[in-house]
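Work through the exercises below with the model open beside you. Try each task before you read its solution.

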Amino acid sequence: MKIFPIFIIAMVLLNAESFNLCAQQKAYFPDKNEWQSQSPSSLKINAEKLSRAIDFAKNNGSDADPNLKIAHYESGFGREPFGYPIGPMKTRGEASGLIIKNGYIVAEWGTPERVDLTFSVAKSFVSATVGLAVDRGIISSENDIVYPYMAPIIPYNTVRPQMNKADHLYEEDIFELFDTEHNRKITWDHLLRQTSDWEGVLWGKPDWADRPEGPSNEWRSRERNEPGSIYKYNDTRVNVLALASMNVWRRPLPVVLKEHLMDKIGASDSWRWTGYENSFVIIDGQVMQAVSGGSHWGGGMFINAYDQARFGYLTLRNGWWKGEQIISESWLEKSKTPTTAQDTYGFMNYFINTDQKLLPSAPASAFYHLGAGVNMIYVDQENDLVVVARWLKSHHMDDFIKLVLESME
């Protein structure tokens with residue numbers, strides 16, 4: 001008698017999984033350089049209300065300077081210690097975006113084909129490279145300590161060989177990213193969740209120089225938090241994860257991402273993922289650039305809105321695309337799982353709408369990939385909806401999503 005209910009539960013779960021797989025297989029997936037559109041009315045969307053949402057996005061675009069270097073220096077970032085950019089930036093475009101329902105484009109505005117910086121949305125691509133490594137057994141588990149995976153990092157500097165050898169006698173020839181008592185306790189999971197409190201300097205940017213808090217005389221000497229206990233958004237540590245991921249792949253991350261993810265989802269050939277002018281290392285005799293996980297100091301992911309939407313659509317479909325599991329569903333579930341350290345953040349850069357704290361108008365199950373600007377890829381599985389909004393004022397994110405959802409009949 002006790003076995004029967006368990007059998008029923010197992011069958012329900014199996015049937016649910018089969019139904020989900022069947023739904024994924026029947027879903028529409030766009031080909032490369034081609035994304036079909038449908039009218040809002042054909043998908044039971046109120047066209048007039050949807051038009052209001054688009055007008056709202058257009059009328060509430062970012063008022064920061066389009067020249068991103070000027071915008072950087074006029075923001076708090078430009079006034080931080082070591083706040084100068086060391087990677088490429090470009091002048092951004094106008095407020096733009098896409099709305100995708102059931103896989104079809106139902107609205108677009110601005111210049112979605114324009115390649116622009118996407119800032120911290122690049123962090124979601126960093127975490128994808130780690131997930132792909134876990135899926136392939138390159139990393140056994142995200143809960144593993146990172147230190148045993150790390151080879152010494154050998155920087156590549158074209159200027160240094162021309163210097164008098166005595167001038168750099170006491171300089172370090174090799175970086176050891178995790179060889180301190182504190183850093184040896186850090187796991188991949190801690191780095192992914194921005195709870196590592198990693199200590200050190202990378203590419204000339206100390207960990208304490210990113211969004212420093214408290215008295216300046218305590219920035220360098222403060223007591224370290226136990227890994228996993230405290231959430232702190234920090235781009236130096238994100239760049240540590242990007243370098244660590246490249247170190248285990250032994251290949252540049254843009255090459256990994258293109259081969260294992262972007263080509264498979266039909267992304268264009270216009271996206272570029274860059275690092276800093278000093279972020280070159282030597283691996284297996286090859287010079288490789290470690291990428292930036294954001295554009296806090298320049299560099300990062302240059303991408304158009306259509307390719308952003310493809311990535312968002314991949315996460316909407318639980319990593320499935322045209323008959324292939326590109327990235328495991330279990331990895332994406334972990335990416336959307338919060339911790340007590342920060343209950344609205346999963347793996348970088350998955351912002352989770354726990355208790356509808358971030359977007360009160362959206363379902364609690366919704367999540368989004370977010371970069372400064374605002375650059376947002378909103379993913380809503382309950383409504384089979386992906387929304388890309390670029391260069392929107394941050395305090396209007398929920399207002400805009402509310403208008404989009406109100407158009408769904």
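**Exercise 1: Placing T118**

T118 is found in the loop between β3 (116-117) and α4 (122-135). Helices (H or I, at least four residues) and strands (E, at least two) are DSSP runs, numbered from the N terminus. The model is predicted: local features need pLDDT of at least 70, side-chain atom pairs count only at pLDDT 80 or more, and totals for chains, interfaces and linings use all residues. Residues are numbered from 1 along each chain as its sequence is written, and side-chain values use heavy atoms, with hydrogens and water left out.

Task: decide whether T118 is buried or exposed, and list what T118 touches.

Solution. 
- Step 1. Set the classes: buried is under 20% relative accessible area, exposed is over 50%, and partly exposed is in between (1.4 Å probe, protein chains only).
- Step 2. T118 has a relative accessible area of 0%, so T118 is buried.
- Step 3. Contact means heavy atoms within 4.5 Å. Not counting residues up to four places away in sequence, T118 touches M301, I303, Q308, G371, N375 and R390.

**Exercise 2: Strand β15**

Task: find the partners of β15 and check its two faces.

Solution. 
- Step 1. β14 (residues 375-380) and β15 (residues 385-390) pair in the antiparallel sense over 6 bridges. Here M376 stands opposite A389, and Y378 stands opposite V387.
- Step 2. β1 and β15 also pair in the antiparallel sense over 6 bridges. The bridge partner of S96 is R390 in β15.
- Step 3. β14 and β15 form a hairpin with 4 residues between them. In the turn, D384 has a positive phi of about 50 degrees.
- Step 4. In a regular strand the side chains alternate between the two faces of the sheet.
- Step 5. L385, V387 and A389 are buried on one side of β15, and V386, V388 and R390 are buried on the other. That leaves β15 mostly covered, with 6 of its 6 residues buried.

**Exercise 3: Aromatic pairs**

Task: classify the pair of F125 and F311, then the pair of W208 and W219.

Solution. 
- Step 1. Rings of Phe, Tyr and Trp (its six-membered ring) pair if their centres lie within 6.5 Å; planes under 30 degrees apart count as stacked, over 60 as edge-to-face and the rest as tilted.
- Step 2. This rule gives 19 aromatic pairs.
- Step 3. F125 and F311 are 4.4 Å apart centre to centre, with 40 degrees between the planes: tilted. F125 lies in helix α4 and F311 in helix α8 (residues 305-316), so the pair ties together parts that are 186 residues apart in sequence.
- Step 4. F125 counts as buried at 0% relative accessibility, and F311 counts as buried at 2%.
- Step 5. The ring centres of W208 and W219 are 6.0 Å apart and the planes are at 25 degrees, so this pair is stacked.
- Step 6. Look for a cluster: Y231, Y233, Y345, F351 and Y368 form one.

**Exercise 4: Lysine K32**

Task: describe the setting of K32 and find the residue that its side chain joins by a polar contact.

Solution. 
- Step 1. K32 is found in the loop between α1 (3-26) and α2.
- Step 2. Its relative accessible area is 37%, so K32 is partly exposed.
- Step 3. Leaving aside neighbours within four places in sequence, K32 is in contact with G266, A267, S268, D269 and R310.
- Step 4. A polar contact is a pair of N or O atoms within 3.5 Å; within protein, one must be able to donate a hydrogen and the other to accept it, and residues adjacent in sequence count only if both atoms are side-chain atoms. The side chains of K32 and D269 are joined by such a contact of 3.0 Å.

Note on methods
Two strands pair if DSSP finds at least two bridges between them.
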